[in-house]
Amino acid sequence: MRLSYDHSISDPKYYENAELGVFWINQNDEESTETINQHRLLHLREVCERHNNGQKYTIEPSFYIHVKNESLLYCLVFKSGTTSWFYNINRWAGFSKEEILDAKTDNFNLARKKYPYEMPNVLLTTMKNTYSFIVVRDPFERLISAYEERLLSQLNPYYRDLAHRIYRKYHQDGREYGLPTFQDFVRHVVEEHQANKPCDLHWRPINDLCTPCLARYDSILKMETYARDMEYLANRTQLTGKIKAVQMNHSRRDSVERLIKKYFSQLTKKQLDDLYDIYKIDFELFEYSPDKYFALVK
């Protein structure tokens, strides 16, 4: 996969969806976009009230980044546009394009050099005085993306080893190395959750990453409407012209719909029930439906 960062959101061309590809900017009616954003915020509050704040009692600050120079507060939801935001946040911090794009660079740790962790009480105060936002995605599409990029790609040594360990766990064929099926991956995620083991950041539920019920957001961006939502955010934060888009050339040939059918048709009803139990709160908080997945299971 090749990345290039050559465009600005001020160009009437395209803006990047860091996980799904390039989207054309739609010149949507401003009032309509505002109405949609307000609906998302209100829906989040209503669901949080019904679910006792997602069973959270203290805000989780680990994945919030406070960009003081831009008066911006962003919560990282891995596999939901973080590639683009890491690039921009670290570029604003003064790091070089070469360092940011180096495959060996941990961009989260790089960002922390300029934007330090804030204690929960400080973070809550920050939310009152900055433009706070989160980027979300259909929970199971996010899971597919994590499976393909982290386990199947075999690019990262840690995840390459994890993929082989998952394979050996569910395939007693004597092979030391092998790629886990999506069903294997789901079994692993469910069993780790049921054993109360920490969930990997790339497929950890948003409710655990960002504790959104305890946060105060100005915008909820969705990957499915990323161009429109980004334009809305840029206009409200004086970031127009400052956010560089990323053009991504994927080797992936299948559409998201085909991938959903390919992977979720491998699961039994019980496996999907168990998986949905983990991500149910994310589906509800951000108004996604699991129906298309349950229509596919055996």
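**Helix packing and a pocket**

Let me begin with a pair of helices: α2 and α4 are roughly parallel to each other, because their axes cross at roughly 30 degrees and angles under 35 degrees count as roughly parallel. Please bear in mind that this is a predicted model. Helix α2 spans residues 82-92 and helix α4 residues 107-114, and their axes come within 10 Å. The crossing of α2 and α4 is left-handed. On the α2 side, the contact involves Phe-86, Ile-89 and Asn-90, which meet Asn-107, Phe-108, Leu-110 and Ala-111 of α4. By class, this contact comprises five nonpolar and two polar residues, with no charged ones.

I turn now to a second pair. Helix α6, residues 139-152, packs against helix α12, residues 269-285, at an angle of about 115 degrees, and the axes lie 9 Å apart. From α6, Pro-139, Phe-140 and Leu-143 take part; they meet Leu-272, Leu-275, Tyr-276, Tyr-279, Asp-282 and Phe-283 in α12. Eight of the residues in this contact are nonpolar, one is charged and none is polar.

Helix α12 also leads us to the pocket. Which helix supplies the largest share of the lining of the second largest pocket? That helix is α12, with four residues. Helices α8 (182-194) and α9 (206-209), like α12, each supply at least two. The pocket has a volume of about 400 Å³. Its lining numbers 19 residues, and His-193, Pro-205, Asn-207, Asp-208 and Ile-278 lie nearest the centre. The lining divides into six nonpolar, six polar and seven charged residues.

Conventions: Residues are numbered from 1 along each chain as its sequence is written. This is a predicted model: local features need pLDDT of at least 70, side-chain atom pairs count only at pLDDT 80 or more; totals for chains, interfaces and linings use all residues. Side-chain values use heavy atoms; hydrogens and water are left out. Axes are lines fitted to C-alpha atoms, for helices over the stretch in contact, and angles run from 0 to 180 degrees between N-to-C directions. Contact means heavy atoms within 4.5 Å. Ala, Val, Leu, Ile, Met, Phe, Trp, Tyr, Cys and Pro count as nonpolar, Asp, Glu, Lys and Arg as charged, and the others, Gly among them, as polar. Angles under 35 degrees count as roughly parallel, over 145 as roughly antiparallel, 65 to 115 as roughly perpendicular and the rest as oblique. A crossing is left-handed if the near helix is turned anticlockwise from the far one by less than a right angle, and right-handed if clockwise. On a 1 Å grid over the protein atoms alone, a cavity is a set of points where a 1.4 Å probe fits but cannot get out, and a pocket is an open set with protein on both sides within 12 Å along at least five of seven lines; lining residues have an atom within 4 Å of a point. Grid points are joined across faces, edges and corners, and a volume is the space filled by probe spheres set on the points.
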